[in-house]
Structure formats: C-alpha cells, structure tokens
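Here are a few friendly notes to read alongside the structure. They begin with the contact between the chains and then turn to the fold of one of them.

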Amino acid sequence: MRVAVTVNGTDYARDVEPRLLLIHFLRDELGLTGSHWGCDTSNCGSCVVWLDARPVKACTVLAAMADGRIVRTVEGLERDGQLDPVQQGFVECHGLQCGFCTPGMMMTARWLLDRNPDPDEAEIREAISGQICRCTGYENIVRSVRWAAEHPEGPT
Amino acid sequence: MTGGFGSRPRKEDQRFIRGRGTYVDDVKLPGMLHGAVLRSPHPHARILSVDTVAAEAHPKVRAVLTGESLAKRDLAWMPTLSGDKQAVLATDKVRFQGQEVAFVVADDHYAARDALELIDVEYEPLPPVIDARQALDPGAPLVRDDHPGRADNHIFDWEAGDAERTDAVFRAAEVTVSQDMLYPRVHPAPLETCGIVADFEQISGKLTVWATSQAPHAHRTLYSMVTGLPEHKIRVVSPDIGGGFGSKVPIYPGYLCAIVGTMITGRPVKWMEDRSENLMSTAFARDFHMRGELAADRDGKIRAVRVQVLADHGAFNGAAQPSKYPAGFFGVFTGSYDLEAAHCQVTGVYTNKAPGGVAYSCSFRITEAVYLVERMVDVLAFELDMDPAELRMRNLLRPEQFPYTCQTGWVYDSGDYPRTLRMAMDLAGYEKLRAEQRAERGNGHLIGIGLSFFTEAVGAGPRKDMDILGIGMADGVELRVHPTGTAVLRISVQTQGQGHETTFAQIVAEELGLSPDDVEVVHGDTDQTPFGMGTYGSRSTPVSGAATAIVARKVRERARVVAAAMLEVDPDDLEWERGRWFVRGDPDSGRTIAEIAWAAHSNLELPDGVEGHLDATCVYNPPNLTYPFGAYICVVDVDPGTGKVDVRRFVAVDDCGVRINPMIVEGQVHGGLADGIGMALMENIAFDAEGNCLGGSFMDYLLPTALECPSWELGATVTPSPHHPIGAKGVGESATVGSPPAVVNAVIDALRPYGVRHADMPLTPAQVWRAIQGRPFRTDLAIS
C-alpha cells in the first residue's frame, strides 16, 4: 500500500506492506536511524517520535496509520544548524551514556517543554516514566531537561 | 586549552544527540539479507525431525540453516568462554526454552520471520530440570547427554579459603548465624539487543562483521578458531554499542549463523535479536543459591565467614570469567572486613535454562559475593540487636592494614574504609534517620535504613593468573603524535557508553599537555587497533587506561631526546612541565610537544640510534587488580498494607581512586544505583514447573523507570591505587555491585517490627507482603 508522510518537514511516499511498523518505515525505508527499536512491547520508548505533534512509540504504530500525517524525529530537532536546547542540555548535563534511549527521551522532553516550559523534577520524571534508560539512572536526564527549561534560547 | 583531568562534556555526545550514532542495526550494506532464528518452545525435548522444505520454497528465502546443515561444516557446536561447548543450532535435543533450532536468511526481516512459521519441527518432550536444587538428585533428567560418559548435571566444584581453620573458628565462636539466600537470575537487558552484520567477500576471502561486541579482538580470535578462517582475514567492527553490561562479551549462535549465511549466499547478512530473544536466550546473569554463615564474638567482632553456593549455569556453561575462576571473583566474599578465617565452596550445575551466566556489571561474580557478605552482616546485626553501621565500623579493615591480603588470598591495594563509611553516614544524616525511624514506628509507618560497604577487585588482570580461553588479559595501545602536534590514540577496549573517546583523550592530554580535543581516540575496529581483551569487569581504565598513560610517557621520553637535539643540550639537562621540555634553570628555553613533534618529523639531525617521528606502543600487563570500594545507604518507605517499597533516598560514597572525568564517574554510579534498585525490587527471570521462562519481555521483566529512582546523593573519597600509573581504580560496576544489598537491607530493616530477618530478591510488593506474613517465597520458581 502507498503511505505518504511528512517527516521533519520533508514529504515522503513509499509502497509498503500494510503490516510495516512505523519504526521500521522510518529506519529502513527512509534511512532515519536516529529512532531506535528496543522492545516491541511499548515499554522502553527507544522509538519515541512525534505523530502530529504528540509522542508515540513507533514500534506499536503501523506506518499505514501515519499516512497523511506529520512525523517528527530526533533528526528534526536541530533547526537551521542550531541545536534544540534539549539537545544542548543532554550534552551539558551528561544526560546520555550509550545514547540508545536518548533520541526518544529528547523527543518526549521537547514535547513536555512545549506544554510546560518550567517543569519541576517530579513533572519531568512523570513525563519520561514510559521510557527506560539503562545507563544514567535518570538523574542527569532530569537535569538535562531542567537545563533546557532554564536556557530556552539554547547556549549563550 | 591544555591539561587533562576534570569534568568536561563528552566528545561522542555530538553524534548521539543528533541521532547520528551508528549502531549495528543502523548498518545497511548493498544487497544485504536478513536472518531470523527459529527457537524451541520446549525446555527439554528430543528433536525427531526438522522439515524446511516449505520455508525454502518461500519466494524471499535465500537459505535455511539447521543443526544438520551446520554439522556438515563442523559448526553445529561452538566453544563457550568457560571451555564448555554450546549448540549453535540444535542437532540432538533442545535444552532450554528459546534455544536456537534453525536460521532463515531472506530478503527482508519480515519475510525471514514469516518463513520461520513454515519450518516444521517434530519434538519428543522430555522432563526438564528446572529447580537447580534438584539438579544433582539421583534420577534427575540428564541435560548434557552429549558429553560422553556424563551421568549427572554436575559442572564443577570450586573452593577458596581454608576449610579446616574456618570450621575451627566456627566451633569456638560465641555466636554463629546462618542464612540461605538467592541471587536471582537477572538479565543485563541493554536497550540495544545483540546483533551482527556479517559480510564475506568471496574473492579476497575476508570476513567483516559489525557486531555488538564488548571485546572485538577476542571475538576475532574466537571466530577464527571456530570457523577456521585465518585471523588476518577477519575484521570485527564494534560500532556504537547501545549498552552492554556484560551481555555483549560472549559470542551467540545467531552471530555464527549470520556468518555461515553470508558465506553461503555471498551477500551480507544482518541478524538482530528481538527483545524476547534477548531476554530468553542470551546472557542471563547471577542465579546463585547461597548459604552464608558468620562466626562472631558477642560484642560484634566478626571472626570468620563460610559460604556454600549452588550455581545454576543453565544448559551450557557459558559463564564469562578468567579460566582459573569458574565462580568468577566470588573469592572476595570476605568483603571489607578483617577476618581470621574464611571458606567457600561453589558447585555449578546444568539445568534446562538459558546458558550463562555473563558478568552483568558484576566484576565477575563480585556482585554475588558482596550481596552475600553484606546481607550476612545485617543478619548478624539482627541477631545481636546491634546497629548495622556500628557493626560494620567495628569490623572494617583499617587504613594501616593495606596492602591487605584477605583470607582467600586477594591483595587489596589501598583504602580508608572507615572514612568512607563515616562520610556516607554524615551525608545521610544517619543518626537522625534512626531517630525518625524509631518515632515513626510508633505511628505504624515503616521506614528502613540499609547499608552496604563493598570492596571490588577489578581490572583483570595479571596474565600469569588471568586468561580467557588461554589468552592473557593484557591490553595493547598505540599513540602517534602527528607532525602538527595533534595525536591519535588506538585502544583495544570498546565503549558501550562509558565515554572512552573523551576519557582516554584526557589521559593523553594530561600526560602530554595537549588539549583533549587534539587527541583522537580510535577504537572498535580490529583492523585499526592493537590487540586487547575488551571492556568488561571494569577493566578499561585499570588496564587500557594504564597502558595509555604509559604509552604517553614513552612518547614524552622520546620527545625529550628530540627536544635535547633541538636545544643542543643533554637530555638529562631537561625538565618537564606540562606540555614542555625546557633546560633546567631556563624556563624560557622550552619546546612544546607540538614543536617537538614537528622537529621529530623534520630534517633535524637526531642522535645515533634515535628514530624519527613521535610515537610509541605499549602492552600493559597489570601487576595486580585494583580495589575500588564504597559505602552506600538506602532509605525506603514500605507500605505494610500492600508491601510496596518506595526508595526515598540513596546516598553513595565511592572511592575509585583518581577520577579522570568526575562527571562521567558520577554518571556511571547513577546508572549502577538504578540497576541495584531494579535487581533488589523488580528484576527476575523465574520459571514455571514446565520450564517456561516467565521473564521474556519488558512486560514481565521489569526495569526501573524515573519514578522508581530517587535523586541520587553522591560523595567521593580518593585513595589512589598505588600500582596504577595514574592511581585510578575503575568504577563502571561499583554501584551495581554495591547497591542491591543496601536496598534489601533497607527493606528488611523496615520490616523489623514483624521479625523479618531475610527475604529473597526481588522484593516485589507480593514478596514483601508475604515476608510480613512470615512466609517469603522462592523467587526462582513460579509462585505456587
């Protein structure tokens, strides 16, 4: 079947199997490998992308369900060569180690900050609680998101 | 900027935050095919037939492998890291649920999975061995009838310490305590599962594999030994790795299937396991059934420890540790205490479970050892009605006792244990917490305060004692300073998130006075780097970090000779200050490393016997292990109605010697603490009576999220390792080793009003509630 999706501002159309998962569509069909596949059961959140401006777990969304809709991935966080403050926050606060969960964490963090520009620690923890990180113990992810909240214009 | 050590952002972050990392599953080669593994639904069954006709007829299928077809290539079995053998694809029997039976190579991943459904395997189910405690019973089903002459499920017996002396101390002791405890089967569960892309070039005969490997050089050697391909025709690339934690040390059957797949089809073959395959078949850890005993004086002086262990290794002995240590470094079960005698006896058995166990951030079974001794100290405190902090303080090794040879022969290099424990108690406000606990008990509120004090032995290791499959555990390194003064460092160890590209550059920078930004670290490619044993057991900094410091010092000495030629003085007249050699008494005369590098490559006339250029190599064979240690305090609130545990606070004071990049050190501690909460409260791979794995997805195998973890409170003491060139000790596994007993001790402490002395991990709400009722259950078997 034909699937047409706008990803990070670019229009794509591909003929795919109806059962193809969005995560595989992004990674294998479009070559956007920044979003990761980690568990199949919507538990780990390595695959979190935005579908029409809401975070979804792309391992449990069919590519067909994204037809005609807008997807944003980690590759679309940077704008005009300017890092998103969330990206910079993860660097400043050591919010990543192996980097595998990082794209999904950052997509959720950006979504949170768009709705709540000044989240406290509990709100940040709640927002990322559907995602797993095996390296950081979450502390520095929380700090990274706080850094982004405190630097809405990015590094100065 | 010059100078090396200190917190600084990581170089590798720049690609990860942009989604531009390259993990194995991101590797896409022209013409690449995809593999999938058919797995056994039975824990124990004879294979009567495997019919692949329908699968082979699938229009997108390029090859189907079975045990029979691998046997024709002599590849149906492979050696394990423990000198056992493991089935690549089953030929005679399946021995655990999830075991590899067939491998399909197809045009795409979905088609490969479809074709698995077309393979018809006829099984004759056999009774399984599921309860490790019954594995040695007379009449127990025989797991490994492939071993000629084997009549039971016994793998090994191993002991350490002095049994007679220990027994004598126990007989004379005023107080003895004994406790059975299980360290359950858990899984490292890195977010990136295991996988490979194998590409065999038929003209040149060169095999290139991109693999999730913590030890690319060791894997190259193993692939050569197993496949018969000459080692120089094998290149292992370990690109970005999405966490390893020990699970990416061994070679798994899927890797070999992909290699055979590329050799048969002439096209690259990718195989990535899915999460259920990961949890059910690759790399479990722990599964130690332990009985601990302490002998002590009535005033709390601990005199001896005695331990018996039954180790469940599953269907194949795939444990990863140096050859002479079948129970890993469990021998440090004497802990951080000054004892008169110690003895342990470990028996390994086969069961119908996934093979293992790997070293899951445990420094080769030190996790189990620390849990044992730290739980036992709390059991003794319970019996003596003593404060567990006071009991530890009374028994800790004193600073003047280092270097200290423990009762099982390990030589602890350095430490000031009481200072570290005191710092943790001060950070936690220990005495105040105890007062709060007493006050709240009156209100029915259960607060628990748990301590652990751990000592690790990491950085394997001295090659005379430590090897894996005969390969000594020394690491090579190469450093080259380019003519314009920037440098490239080539290391054998492989980061899985530890930040080697940053910290190893910092070591060179510290030694040569360069900016870390001017040092490129090359790793993860066997064609580009010198031989070494890889990253696990917290060995990167203790071994390769030492090699890096030494190779930089070699370069510095070479630079001295060149600088002397430049300045027309004797090398002995030169002094070093960061980044410069200068004539003694004339600081203005100095030459920087960059200036010297240019001269070393120029037409400057060098003394006879001095080669040009500015580079060096080194192979570092550690004289001893390093012994990081720490004091942890966990505070929990337990709901007596539901058994739910909330970790309110966690204080961790780590001493890992000199810290190269404190930010990275603290990050690693954070991650290990979360691991500890997971293992203590949530993670478990149990089995039902039929041998079904009950931890086969993240729906069942529970990992801590941001909500289960508190905001960590860290402290540090620094006791440099006396034999490491920069005094570093390694830290990657400290928190994973040290935190589980602190959490468990806290929960049991909270349950004191109910008279609970012990309950096995994981302390789920059900387990805690059962403990309150006085009947905690076994966590290795399904709840009955």
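**Notes on the contact and the sheet**

1. Between chain A and chain B there are 26 residue pairs in polar contact, counting pairs with both residues at pLDDT 80 or more. Please keep in mind that this is a predicted model.

2. Which elements of chain A give two or more residues to the side that touches chain B? They are helix 1 (22–29), helix 2 (85–92), helix 3 (102–115), helix 4 (121–127) and helix 5 (139–150) of chain A. By class, that side of chain A has 20 nonpolar, 17 polar and 13 charged residues.

3. Charged pairs also link the chains: the count between chain A and chain B is 6 salt bridges. One of them joins A:Arg19 to B:Asp114, with the closest N and O atoms 2.6 Å apart.

4. Chain A brings 50 residues to the contact and chain B brings 54 residues. Together the two chains bury about 4200 Å², with 55% of it on carbon and sulfur atoms. A:Val91, A:His94 and A:Arg134 supply 19% of the area that chain A buries against chain B, more than any other three residues.

5. Now to the sheet. Chain A has an open sheet of 5 strands in the order 2-1-5-3-4, with mixed pairing. Strand 2 (10–15) and strand 4 (54–57) of chain A are the edge strands. Strand 3 (residues 48–51) of chain A pairs with strand 4 of chain A in the antiparallel sense over 4 bridges, and A:Leu51 stands opposite A:Arg54 in strand 4 of chain A.

6. Helix 3 of chain A packs on this sheet, touching strand 3, strand 4 and strand 5 of chain A. Helix 1 of chain A runs at about 75° to strand 1 (2–7) of chain A.

Methods:
Residues are numbered from 1 along each chain as its sequence is written. Chains are lettered from A and ligands numbered from 1 in the order in which they are written. This is a predicted model: local features need pLDDT of at least 70, side-chain atom pairs count only at pLDDT 80 or more; totals for chains, interfaces and linings use all residues. Side-chain values use heavy atoms; hydrogens and water are left out. Contact means heavy atoms within 4.5 Å. Buried area is the accessible area (1.4 Å probe) that two parts lose on being put together, summed over both. A salt bridge is a side-chain nitrogen of Lys or Arg within 4 Å of a carboxyl oxygen of Asp or Glu. A polar contact is a pair of N or O atoms within 3.5 Å; within protein, one must be able to donate a hydrogen and the other to accept it, and residues adjacent in sequence count only if both atoms are side-chain atoms. Ala, Val, Leu, Ile, Met, Phe, Trp, Tyr, Cys and Pro count as nonpolar, Asp, Glu, Lys and Arg as charged, and the others, Gly among them, as polar. Two strands pair if DSSP finds at least two bridges between them. Axes are lines fitted to C-alpha atoms, for helices over the stretch in contact, and angles run from 0 to 180 degrees between N-to-C directions.
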